[in-house]
Amino acid sequence: MPLTSPAAPWFKSLCWASVLSVGALVVLGGIVRVTGSGLGCPDWPLCYGKLYPPLELQAVIEYSHRLVASAVVGPLILATSVAAWITQRRDRWIVVPASVAVILLIAQALLGGVTVLTELPGGIVAAHLALAEALLATLIVLLVASHRGPLIWNGNAYGRGGDPGFGRFPVLMLAAALAVYFLILTGSFVTAAGATAACTTWPLCQGNIFPQSTFQAINMGHRSATLVLGLYVLYALHLGFRGKNRQGGVKSLAMAATIILTMQVAAGAATVWLDFAIGLRALHLSLATALWGLVAGLAALSHTSPLASFHASPSAMSTEPSHG
């Protein structure tokens, strides 16, 4: 039997809009950060006490981030959650992530205000990014569930179709997603600690393997984590497009994530080599978010089964393998 989707096409479109808008918002937040526009509007939620910013570049950049968050992202997530409760309330794989997304949205908005009012302390800025990436992943889980039905956790389901080695792939991808999230947090910590320019050479730090100062240690810590965890992520991704029996979506996402990861490393190196150009720093942050979205999506997708039928019942937390 083919998979029966738990969601109508319009709801899937709403989920797509929410995911893409949050991804764009995170990228825009990165631009705010690398351009030093975080205090372009020194008050919150207004900008210099007004509903619109002054015609100054940093104020416009910061205000555009707020505007997208309040006028686009917020309404989309709220609409998605309300729609989930009205039309999909019997499916917890739809309702739970939709509800969690609203909670994360509120926390993210409040933390954004605290970030500005406390004049951008590094720890709060990093937490703001961590929440944003968690919100993106939550919406991606919702998106996958809206297309594929409930996620499943029985590893035996993945070994069907003549590909028994695929059974460990979902677990490996879940670990890979956590690794990417950790790398984003370490990169954010480098920026928050003011250690971005502590090492002006790459891959070594001032020609040294071992850092000579605290800031250099923070910078090299991120690079070392990228080397170790990046190799693991590459290993997990290659399992996604190896073999003839992979699902088309899994193959495509794995290949795209591999390309993005390679570009991300290259952008990081180029950022150092070209004196930390703002455009390259923004690209580095944007690619990190794209990689996170792809790997999180791949982890969620790998926990679904094309051989399963969705049963819309209050207890629908898993799918059953088809025997027909």
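Q: Is cysteine 199 buried or exposed?
A: The model is predicted, so local features need pLDDT of at least 70 and side-chain atom pairs pLDDT 80 or more, while totals for chains, interfaces and linings use all residues. Residues are numbered from 1 along each chain as its sequence is written, and side-chain values use heavy atoms, without hydrogens and water. Buried means under 20% relative accessible area, exposed over 50%, partly exposed in between (1.4 Å probe, protein chains only). Cysteine 199 has a relative accessible area of 0%, so it is buried.

Q: Which cysteine forms a disulfide with cysteine 199?
A: A disulfide is a pair of cysteine sulfur atoms within 2.5 Å. The sulfur of cysteine 199 has a partner 2.0 Å away.

Q: What is the torsion about the S-S bond of cysteine 41 and cysteine 47?
A: These two cysteines are joined by a disulfide, S to S 2.0 Å. Both cysteine 41 and cysteine 47 are buried. The disulfide is left-handed because its torsion is about -75°.

Q: What pattern do the disulfides of the chain follow?
A: The whole structure holds 2 disulfides. With bonded cysteines counted along the chain, the pattern is 1-2, 3-4.

Q: How many helices and strands does the chain have?
A: Helices (H or I, at least four residues) and strands (E, at least two) are DSSP runs, numbered from the N terminus. From that end the elements run α-α-α-α-α-α-α-α-β-β. The count is 8 helices and 2 strands.

Q: At what angle do the axes of α1 and α8 cross?
A: Axes are lines fitted to C-alpha atoms, for helices over the stretch in contact, with angles from 0 to 180 degrees between N-to-C directions. The axes of α1 (residues 9-34) and α8 (residues 278-301) come within 9 Å and cross at roughly 150°. That makes α1 roughly antiparallel to α8 (over 145 degrees). The crossing angle is roughly 150°.

Q: How many nonpolar, polar and charged residues form the contact of α1 with α8?
A: Contact means heavy atoms within 4.5 Å. In α1, Gly23, Val26, Val27, Gly30, Ile31 and Val34 meet Ile278, Arg281, Ala282, Leu285, Ser286 and Thr289 in α8. Here Ala, Val, Leu, Ile, Met, Phe, Trp, Tyr, Cys and Pro count as nonpolar, Asp, Glu, Lys and Arg as charged, and the others, Gly among them, as polar. The contact divides into 7 nonpolar, 4 polar and 1 charged.

How values were computed. Parallel < 35°, antiparallel > 145°, perpendicular 65-115°, else oblique.
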